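Let's learn to read a protein model together, one feature at a time. Have the sequence and the 3D view open as we talk.

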Amino acid sequence: MASLVEIERYKLVPLSVTGLCSRPCLPLSKKTLILDRRFSKITLKLVLNGSKAVFPAHSNGISAMRHLITAVARAEQDRLGQDDADEEVDKGHNLTAKEESVSEAPQKGSQLKKRIIFGLGIGISVGGVVLAGGWVFTVALAAAVFAGSREYFELVRSRGIAAGMTPPPRYVSRVCSVICALMPVITLYFGQIDIPVTFAAFVVAMALLLQRGNPRFSQLSSTMFGLFYCGYLPCFWVKLRCGLAVPALNTRLGAAWPVLFGGQAHWTVGLVATLFSISSIIAADTYAFVGGKVFGRTQLTSISPKKTWEGTIAGLGGCIATSVILSKIFCWPTSLLSAIAFGFLNFFGSIFGDLTESMIKRDAGVKDSGSLIPGHGGILDRADSYIFTGALAYSFVKTFLPLYGV
């Protein structure tokens, strides 16, 4: 009786009758027993969750019913076994997902720890280099410029960018990286960089135009931008730190500075302006990151999907507040309005540099410009906010601040 009850769970549907119907007359479901009658013999097919039981049924009704009961029983066992197997697979998938989520947590914690440690190390090192100034600052900047220019030309040669343009030859990229590294040194030695940069650009352009094969404009444009972006713009940090040698007489920190390290004369407008600008950029990045994480809802631009208007506003507010506080600490600039304007300038220079590097990485199809700094990516990933800011800060102090803000 149990077998007969199981049979009642399914319905018999005539699939085809010779000479009458060539396709199913009713829609099929998972619990459909398909009956195909051919002349004097009956062939029954049971379809249940992918399992099929095919058996011949003779004209004798009792024999056909016996075969039918047996087939249904086997199909039901197959179905139960398949359900158990599917359940085990689902459990396996759930366990795998849980294991992956558990394993990702320590990795994220380790990545954050590494990021904090190396970030503090970089901050302390940069602070010491800026305080030292002179050749120490210039040589350290030249090393960073060389690494950043190598990363830039590797991005230009990447599959994402090279698919739509012809990158410059590799030997030209290497020569340009060396030229970019020499630009800060030349700036410190001669006090200006205009003529050397123009001469270097002319030589590189001639090398590209006279190369074998078919010179392309994309080679020239990407190379000239590399010289400007990675070489010329960072030189303004040398001009800002080492070129503005006017003593910052109002700075209280200078009065307490040890004579062994230069005393009061060591604290120049260039040193104060450099520390002021770098600290403002760090504050802008930090406040923008925290504000975007907490309040971020509206996307700023498609170039960098993670940047939001809320984070940008928070970064601007944090940068201006930091500028005002630093102006009270350094007693520079003496005007509050000048301190606010300097904060605005540092913020917009930093965000413009960040978006420019994000655009290059987006076209290159990469997340980071390199892997030189563990947890942070490449040099360009860390220095993108400073590339344009040095030129803006130097121009502001040199041109718009009366007596350099003293």
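Q: What is the helix content of residues 222-240, and how far apart are the end C-alpha atoms?
A: First, the general idea: helices (H or I, at least four residues) and strands (E, at least two) are DSSP runs, numbered from the N terminus. In this structure, residues 222-240 are 89% helix and 0% strand, and the end C-alpha atoms lie 27 Å apart. Residues 336-355 are 100% helix and 0% strand, with end C-alpha atoms 29 Å apart. A word on the source: this is a predicted model, where local features need pLDDT of at least 70 and side-chain atom pairs count only at pLDDT 80 or more, while totals for chains, interfaces and linings use all residues. Residues are numbered from 1 along each chain as its sequence is written, and side-chain values use heavy atoms, with hydrogens and water left out.

Q: Where does UniProt place the feature "transmembrane region"?
A: UniProt positions are given in the numbering used here, feature names are shortened, and annotations may be inferred rather than shown by experiment. The unreviewed UniProt entry gives "transmembrane region" at residues 116-147, 189-210, 222-240, 267-290 and 336-355.

Q: How do I read a pair of strands, such as E5 and E6?
A: Two strands pair if DSSP finds at least two bridges between them. Here, strand E5 (residues 299-301) and strand E6 (residues 304-308) run antiparallel and are joined by 2 bridges. They form a hairpin with 2 residues between them. To find the pairing in the view, look for Gln 299, which stands opposite Thr 308 in E6.

Q: Which residues make the nonpolar surface patch?
A: Patches are made of residues with over 30% relative accessible area and no salt bridge; like charges are joined within 9 Å, and nonpolar side chains (Val, Leu, Ile, Met, Phe, Trp, Tyr) within 5 Å. Accessible areas come from the Shrake-Rupley method with a 1.4 Å probe, and for residues only the protein chains shown count as cover. In this model, Phe 199, Phe 202, Val 203, Met 206, Leu 209 and Leu 210 make a patch of about 650 Å². Met 206 sits in helix H6 (residues 194-209). It is partly exposed, with a relative accessible area of 33%; buried means under 20%, exposed over 50%, and partly exposed in between (1.4 Å probe, protein chains only).

Q: Which residues does Lys 361 meet in salt bridges?
A: Lys 361 meets Glu 357 at 3.5 Å, N to O. Those two are separated by about one helical turn, because they are 4 residues apart in helix H12 (residues 336-364). Lys 361 also forms a salt bridge with Asp 381, with the closest N and O atoms 2.9 Å apart. Salt bridges that share partners join Glu 357, Lys 361 and Asp 381 into one network. Both Glu 357 and Lys 361 are buried, and Asp 381 is buried too.

Q: Where is the peptide bond cis, and which residues have a positive phi?
A: Most residues other than glycine have a negative phi, and most peptide bonds are trans. Here, the bond from Trp 332 to Pro 333 is cis, with omega near -15°. Leu 403 has a positive phi near 55°, and Tyr 404 has one of about 60°.

Technical notes:
A salt bridge is a side-chain nitrogen of Lys or Arg within 4 Å of a carboxyl oxygen of Asp or Glu.
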